[in-house]
Amino acid sequence: MIECPACKHQEFVGTMYCSECGARLVLSSAAPTMAIPRDRVDLEALVTKPAPPEGPELETGALIGLRVLNTGDILPLIGRDNFTLGRATEGQAVIPDIDLGVFNAYDSGVSRMHAEVLLEEDGVYLLDLESANGTLVNGKRLEPQRSVPVRHGDVIQLGRLRLQLISRYRI
């Protein structure tokens, strides 16, 4: 069992939110993330923003997704209102909804639970989950635990891993 840091309610290991008060539950013994000097992460974010994607609609049929910029792979964001982004490690109790491990996430400085994409009625938001190497949108570092709006074509950087928000429709 794990204890909610806000109200001290007991929850099962792997639970992300407290059923009593709704607080986000965080594991106290986190697996390490490769630390990358902040100036190196910020420097890589200064690269010119790629043009918004053009051409045919997504082959996946998704209305929204994330494009991994160094491979071109598209990660659809369908079927839920929120998606955690990070990397899974063996024996990890809580795993991210989208495991970026196959995209060299550890070496890029992506935390196990790095960020969260929130799909709201008024738009799409991104939240840094107090990651070790930070989250940037179009080169601007996010404040941890404060959601910011993201739009079609925006570049999201988790550590040094770069993703681009794409959709069929402008958000």
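Author: Helices (H or I, at least four residues) and strands (E, at least two) are taken as DSSP runs and numbered from the N terminus. The model is predicted, with local features needing pLDDT of at least 70 and side-chain atom pairs counting only at pLDDT 80 or more, while totals for chains, interfaces and linings use all residues. Residues are numbered from 1 along each chain as its sequence is written, and side-chain values use heavy atoms, with hydrogens and water left out.

Reader: What pattern does the protein chain follow along the sequence?

Author: The protein chain has one helix and 13 strands. Read in sequence order, the pattern is β-β-α-β-β-β-β-β-β-β-β-β-β-β.

Reader: What percentage of the residues of the protein chain count as buried?

Author: Buried means under 20% relative accessible area, exposed means over 50%, and partly exposed lies in between (1.4 Å probe, protein chains only). The protein chain has 171 residues, and the share of them that counts as buried is 43%.

Reader: What share of the contacts with a separation of 6 or more comes from residues 24 or more positions apart?

Author: A contact is a pair with heavy atoms within 4.5 Å. Among contacts in the protein chain with a separation of 6 or more, residues 24 or more positions apart account for 49%.

Reader: Which residues form the negative surface patch?

Author: Patches are made of residues with over 30% relative accessible area and no salt bridge, where like charges are joined within 9 Å and nonpolar side chains (Val, Leu, Ile, Met, Phe, Trp, Tyr) within 5 Å. Lys and Arg count as positive and Asp and Glu as negative, with His and the chain ends not counted. The place of a charge is NZ of Lys, CZ of Arg, CG of Asp or CD of Glu. The negative patch is formed by Asp81, Glu120, Glu121 and Asp122.

Reader: Is Asp81 buried or exposed?

Author: Asp81 is found in the loop between strand S4 (74-76) and strand S5 (82-86). Because its relative accessibility is 57%, Asp81 counts as exposed.

Reader: How far apart are the closest N and O atoms of Arg80 and Asp97?

Author: A salt bridge is a side-chain nitrogen of Lys or Arg within 4 Å of a carboxyl oxygen of Asp or Glu, and the structure holds two. Arg80 is partly exposed at a relative accessible area of 40%, and Asp97 is partly exposed at 33%. Their closest N and O atoms are separated by 2.8 Å.

Reader: Which side chain meets Glu143 in a salt bridge?

Author: Glu143 has a relative accessible area of 48%, so Glu143 is partly exposed. At an N to O distance of 3.4 Å, its salt-bridge partner is Arg146.

Reader: What value is phi of Gln145 near?

Author: Gln145 lies in the loop between strand S10 (140-141) and S11. Its relative accessibility is 37%, so Gln145 counts as partly exposed. Phi is positive here in a residue other than glycine, near 65°.

Reader: What value is phi of Asn104 near?

Author: Asn104 has its place in the loop between S6 and S7. With a relative accessible area of 45%, Asn104 is partly exposed. Phi is again positive in a residue other than glycine, near 60°.

Reader: What distance separates the C-alpha atoms of His114 and Glu130?

Author: His114 lies in the loop between strand S6 (98-99) and strand S7 (115-120). His114 counts as buried because its relative accessibility is 0%. Leaving aside residues up to four places away in sequence, His114 touches residues including Leu85, Leu127, Asp128 and Leu158. Glu130 is 16 residues from His114 along the chain, and their C-alpha atoms are separated by 7.0 Å.

Reader: How far apart are the C-alpha atoms of Asp154 and Val137?

Author: Asp154 sits in the loop between strand S11 (148-150) and strand S12 (155-158). Its relative accessible area is 9%, so Asp154 is buried. Val137 is 17 residues away along the chain, and the C-alpha separation is 6.7 Å.

Reader: Which residues does Glu20 touch, not counting residues up to four places away in sequence?

Author: Glu20 lies in the loop between strand S2 (10-11) and helix H1 (38-45). At 56% relative accessibility, Glu20 counts as exposed. Beyond residues up to four places away in sequence, Glu20 touches Cys7, His9 and Glu11.

Conventions: Areas by Shrake-Rupley, 256 points an atom, 1.4 Å probe, with all protein chains shown as cover.
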